[in-house]
Amino acid sequence: MTLKELAVGKSAEVTAVGGDGALRQHFLDMGVIPGARVKLLKFAPMGDPMELLIHGYNLTLRLAEADKIMIRPISGEAPDLPEKWQEPPTPHPGLGEGGKFHPKGSGDPLPEGETLTFALVGNQNCGKTTLFNQLTGANQHVGNFPGVTVDRKDGAIKNHPETLVTDLPGIYSMSPYSSEEIVSRNFVLENKPRGVINIVDASNIERNLYLTMQLLEMNVPMVVALNMMDEVTANGGTIDINGMEMMLGVPVIPISAAKNEGVHELVDHAVHVAKYQERPLARDFCDENTNGGAVHRCLHAIRHLIEDHAVRAGLPVRFAASKVVEGDEQILKQLALDENETDMMEHIILQMETERGLDRSAAIADMRFSFINKVCLRTVKKPVESREHKRSEKIDRILTGKYTSIPVFIAIMGLIFWLTFNVVGAGLQSLLESGITALSVGADAALTAANVNPAIHSLITEGIFAGVGSVLSFLPIIVTLFFFLSMLEDSGYIARVAFVMDKLLRKIGLSGRSIVPLLIGFGCTVPAVMSTRTLPSERDRKITILLTPFMSCTAKLPIYAFFVDHFFSDYKALIMTGLYVLGVLTGIGAAFLFKGLVFKGEAAPFVMELPNYRLPGIKNVGRLLWEKAKDFLQRAFSIILIATIVIWLLQSFDLQLNPVTDSRQSILAFVAGKLAFIMRPVGLDDWRICTSLISGFLAKESVVSTMEVLFGGAVSSAVSPLSAACLLVFSLLYTPCVAAVSAIRRELGRFWAVGVVVWQCVLAWVAASVVHLIGMLAGFGV
Amino acid sequence: MNAVDVILLILLAVMLFFAARAAFRRKKSGGCCETGGCSGNCGACPYECGCKKDE
């Protein structure tokens with residue numbers, strides 16, 4: 001039978017893994033190998049995907065993929081490890097310390113002054129960025145879902161200026177599955193760091209050690225950081241560090257990155273192994289006595305066969321040999337074997353497959369997991385079930401429950417918007433607004449008293465204070481929304497949303513994983529576009545990037561709040577939420593269009609790990625809010641300030657540079673008036689509105705500051721409610737700001753970036769025209 | 001123009017200079033610094049746009 005047919009709560013043993021290509025390799029790398037025991041925990045509310053317990057962690061995959069995995073039902077629970085652990089008497093091997101590889105004070109260190117480069121490598125969501133922040137004192141953003149880091153980041157270890165640590169995106173193995181995994185693999189292979197800090201989630205050790213095996217094969221000086229050891233010990237588990245160090249042949253250091261425990265010791269060992277270039281003592285994990293030794297003989301034969309090619313290509317020989325057996329195209333290309341060698345190799349592998357009874361990829365994965373089982377059996381006493389996991393199970397009964405998950409998701413999002421726009425954010429906004437008004441009045445009085453030149457007076461009060469001040473007052477709303485989004489992200493809920501939404505998203509041609517960039521898009525389009533790198537399929541990535549601008553970013557909030565305050569203040573929360581919903585609905589429509597016309601085909605398979613829920617870290621949330629507030633203030637006092645001054649100048653002088661008393665004679669009125677006809681069918685043919693919308697391309701908040709300058713605070717008397725409604729719809733849908741377009745250009749190229757600008761402007765124009773037409777027909781026209 | 005006008009004009013010019021410099025740096029950083037791409041830490045900017053050199 002297949003995994004798809006397994007009943008909820010039942011356990012089974014995997015007998016064969018079907019499918020082909022990168023996805024199959026990914027299954028194997030995630031521990032779905034013949035012999036692995038799985039327990040079906042639940043199905044998503046819409047019946048697909050499913051959530052499994054395997055190797056002590058929760059994995060989700062779709063029924064279509066589960067149908068390719070053959071199983072044999074077993075009775076009872078599926079134990080993670082045989083329970084044979086004994087109190088270890090292992091002496092301390094002392095790896096990574098003076099005295100083991102060389103007498104203390106001697107050795108063959110790298111020359112003084114040479115930078116010790118380190119790669120920080122580990123599985124997704126194992127705490128790499130938390131450790132990076134502890135090591136370097138940086139403030140990188142961390143979150144509780146797989147794939148927060150999508151590109152490499154560098155920094156020197158504190159008090160070690162001779163070092164450079166690179167935080168890499170999380171990977172499950174050295175067989176790249178998504179573009180972020182390629183970044184990590186290429187870094188280790190091509191940049192050749194002096195050392196590797198392999199961070200391992202001690203609470204999920206079997207799957208994490210799979211990557212460790214491959215890193216050891218690469219023969220780079222390395223230390224293993226066993227992160228989250230505090231959780232393991234708090235739950236009654238323990239790890240024989242000395243025993244593990246002996247078996248892996250590299251220093252193993254227990255740490256808690258979040259609590260900054262063990263990090264100093266880790267740094268000492270990492271610097272030592274890199275300085276003295278102490279390579280792993282263990283690289284050969286295939287046992288000649290295990291399963292008849294077929295894999296052992298195959299790997300060693302191929303190792304000798306390709307040795308000269310691997311050395312020429314600068315690849316570690318043992319690593320290259322196992323990748324060749326797995327059929328890794330990139331490595332095969334780098335090795336440039338001739339036809340005869342390729343034939344010989346193929347025969348060796350075929351013989352191994354026959355003798356082992358498994359195909360090549362499964363045999364290699366099985367070899368690695370067999371070694372991991374030996375290590376764990378000897379050195380790991382796992383807690384029966386961690387408190388964090390138990391707590392997550394309880395929470396998930398509601399948050400991913402069949403009948404509760406979607407209502408809870410809608411309620412959570414509704415609550416966030418209500419609290420942001422009606423309670424917390426709005427309250428703080430009115431406080432700040434009154435402060436800014438008082439300051440503005442004070443400045444006006446002071447300038448009048450000082451008999452300042454009218455032009456300078458006008459620039460300061462009607463230009464800077466009106467423009468920048470109007471934007472600044474929205475700071476509390478933006479910070480409040482980011483606070484709630486970061487709480488969702490830090491708690492681990494976003495990964496659940498992906499699980500729950502997968503089936504719905506598949507209907508519009510996307511995978512559940514796309515929900516993460518889309519939700520980030522409510523904060524800002526740029527990181528949302530960047531976070532699509534976690535998606536394994538290029539097709540999904542393109543569609544998701546094209547949809548992120550429809551998720552209304554916080555920079556558009558001031559526009560909505562400004563117009564809703566002026567025109568629809570009785571229905572504030574309703575209209576604000578309605579605009580967000582309209583953005584999402586338009587995005588869904590656009591996705592159907594993309595799926596049907598441009599990106600035909602099916603969404604990528606959904607294979608994702610569900611992390612345990614964690615309490616959001618106050619420090620992390622606080623840091624994120626501070627960064628967002630700082631960033632918003634910087635924008636207000638750079639781009640928006642300049643735009644405000646330029647707009648004020650252009651509306652205060654005519655083409656001969658004479659001051660004007662009526663802004664209809666200004667340069668701005670002349671230029672923008674030429675373009676206003678385009679907006680006539682939309683009901684927005686006022687040159688001041690056109691100018692505001694154009695300035696919004698620089699930064700969305702500029703729309704508000706420009707309006708304040710041009711209308712002199714009298715927007716409500718100059719614009720009709722229908723035009724305000726059209727403007728809201730146009731602002732929601734028209735081109736993303738220049739920063740977002742530049743991010744799209746970096747990810748997809750110039751063609752798509754220009755395409756997005758044109759397509760969204762046309763779409764916004766059409767949608768606003770429809771609103772205008774309906775409004776006119778309903779008798780709301782001026 | 002009185003002395004206060006001159007002082008205000010100088011202050012405005014200085015403010016504009018710093019605003020333009022900040023805006024230029026943000027443009028060079030590809031927008032990542034303003035959005036959490038590097039959490040405001042330009043030294044860790046994921047884009048190889050050279051903004052690291054300015055910091």
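Is Leu657(A) buried or exposed in this predicted model? At 61% relative accessibility, Leu657(A) counts as exposed. The close-up views below begin with this residue.

**View 1. Leu657(A) in the loop between helix 24 and helix 25 of chain A.** Leu657(A) is not a glycine, yet its phi is positive, at about 65°. Most residues other than glycine have a negative phi. The residue is exposed, with a relative accessibility of 61%.

**View 2. Asn260(A) and its positive phi.** Asn260(A), likewise not a glycine, has a phi of about 60°. Its place is the loop that runs between strand 12 (252-254) and helix 8 (263-275) of chain A. With a relative accessible area of 35%, Asn260(A) is partly exposed.

**View 3. A cis peptide bond from Asp48(A) to Pro49(A).** Omega for this bond is near 0°. Pro49(A) belongs to the loop between strand 2 (37-43) and strand 3 (50-54) of chain A. Most peptide bonds are trans.

**View 4. Helix 26 (residues 687-695) and helix 27 (residues 702-711) of chain A.** The two axes come within 8 Å and cross at roughly 150°, which makes helix 26 of chain A roughly antiparallel to helix 27 of chain A. On the side of helix 26 of chain A, the contact is made by Trp687(A), Arg688(A), Ile689(A), Thr691(A), Ser692(A), Leu693(A) and Ser695(A). Helix 27 of chain A contributes Ser702(A), Val703(A), Thr706(A), Met707(A), Leu710(A) and Phe711(A). By class, seven residues of this contact are nonpolar, five are polar and one is charged. The crossing of helix 26 of chain A with helix 27 of chain A is right-handed.

**View 5. The buried residues of helix 25 (residues 667-675) of chain A.** These are Ile667(A), Leu668(A), Ala669(A) and Ala672(A). Their cover includes helix 24 (618-652), helix 26 and helix 27 of chain A.

**View 6. Helix 7 (residues 241-248) and helix 13 (residues 360-379) of chain A.** The axes of these helices come within 9 Å and cross at roughly 155°; helix 7 and helix 13 of chain A are therefore roughly antiparallel to each other. Their crossing is right-handed. From helix 7 of chain A, Gly243(A), Met244(A), Met247(A) and Leu248(A) meet Phe371(A), Lys374(A), Val375(A), Arg378(A) and Thr379(A) of helix 13 of chain A. The contact comprises five nonpolar, two polar and two charged residues.

**View 7. Gln429(A), a buried residue of helix 15 (residues 405-449) of chain A.** The relative accessibility of Gln429(A) is 2%. Leaving aside residues up to four places away in sequence, Gln429(A) touches Ser473(A), Phe474(A), Pro476(A), Ile477(A), Asp565(A) and Lys572(A).

**View 8. Cysteines without a disulfide.** The count of disulfides over all chains is zero. The sulfur of Cys126(A) lies 16 Å from the closest cysteine sulfur, that of Cys376(A), which is too far for a bond. Cys126(A) is buried, at 1% relative accessibility. For Cys286(A), which is in no disulfide, the nearest cysteine sulfur is that of Cys298(A), 9.2 Å away. Cys286(A) is buried as well, with a relative accessible area of 7%.

**View 9. Leu777(A) in helix 31 (residues 750-777) of chain A.** Leu777(A) counts as exposed, at 72% relative accessibility. From C-alpha to C-alpha, Leu777(A) and Leu557(A) are 29 Å apart in space, with a separation of 220 residues in sequence.

Key
Residues are numbered from 1 along each chain as its sequence is written. Chains are lettered from A and ligands numbered from 1 in the order in which they are written. This is a predicted model: local features need pLDDT of at least 70, side-chain atom pairs count only at pLDDT 80 or more; totals for chains, interfaces and linings use all residues. Side-chain values use heavy atoms; hydrogens and water are left out. Axes are lines fitted to C-alpha atoms, for helices over the stretch in contact, and angles run from 0 to 180 degrees between N-to-C directions. Helices (H or I, at least four residues) and strands (E, at least two) are DSSP runs, numbered from the N terminus. Angles under 35 degrees count as roughly parallel, over 145 as roughly antiparallel, 65 to 115 as roughly perpendicular and the rest as oblique. A crossing is left-handed if the near helix is turned anticlockwise from the far one by less than a right angle, and right-handed if clockwise. Contact means heavy atoms within 4.5 Å. Ala, Val, Leu, Ile, Met, Phe, Trp, Tyr, Cys and Pro count as nonpolar, Asp, Glu, Lys and Arg as charged, and the others, Gly among them, as polar. A disulfide is a pair of cysteine sulfur atoms within 2.5 Å. Buried means under 20% relative accessible area, exposed over 50%, partly exposed in between (1.4 Å probe, protein chains only).
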